[in-house]
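I opened this entry to record what I looked up in the model, element by element. The notes follow in the order in which I made them.

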Amino acid sequence: KSRPPTRISSSKDLGVVLSRARKARGLSQREVAARLGVTQKWISAIEQGKSRAWIDKVLDLSYCPGVQ
């Protein structure tokens, strides 16, 4: 059974989607951070919807193997 597409209308929504995707793949914030070359704190901020991140890193995160 497939889910309808997720609507992302805020940084908070994006954070929820990314957090769920990471957890569904069994990855820790630390593992994702290491793959991207950022800190675990940065990943945490993104997942909490804080907008201090650079957009290119957000895009990197969305394309990170195992996080898509």
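**Helix α3.** I began with helix α3, residues 40–47, and listed its buried residues: Trp42, Ile43, Ser44, Ile46 and Glu47. I took buried as under 20% relative accessible area, exposed as over 50% and partly exposed as in between, with a 1.4 Å probe and protein chains only. Helices are DSSP runs of H or I with at least four residues, strands are runs of E with at least two, and both are numbered from the N terminus. Just after α3, I noted a positive phi of about 85° at Gly49.

**Basis of the entries.** The model is predicted, and I read local features only at pLDDT of at least 70 and side-chain atom pairs only at pLDDT 80 or more, whereas totals for chains, interfaces and linings use all residues. Residues are numbered from 1 along each chain as its sequence is written, and side-chain values use heavy atoms, with hydrogens and water left out.

**Helix α2.** I next looked up α2, residues 29–36, where Gln29, Val32, Ala33 and Leu36 are buried. Seen down the axis of α2, these buried residues fall within an arc of 100°, so they line one face of the helix. The arc is taken from the directions from the helix axis to the C-beta atoms. Arg30 and Ala34 are exposed on the other side of α2.

**Core.** Which residues make up the largest nonpolar core? I found 11: Leu18, Leu27, Val32, Ala33, Leu36, Val38, Trp42, Ile43, Ile46, Leu61 and Cys64. The elements that give two or more residues to this core are α2 and α3. Such a core is a set of buried Ala, Val, Leu, Ile, Met, Phe, Trp, Tyr and Cys residues joined through side-chain atoms within 4.5 Å. I also checked Cys64, which touches Arg35 and Leu36 when residues up to four places away in sequence are not counted; contact means heavy atoms within 4.5 Å.

**Whole chain.** I counted 4 helices and 0 strands, in the pattern α-α-α-α along the sequence. Of the 68 residues, 32% count as buried. Among contacts with a separation of 6 or more, 47% join residues 24 or more positions apart.

**Confidence.** The mean pLDDT, the predictor's confidence in each residue from 0 to 100, is 81 for the chain, and 78% of residues reach 70 or more. I noted the highest confidence in α2, at a mean of 96, and the lowest in α4, residues 55–63, at 70.
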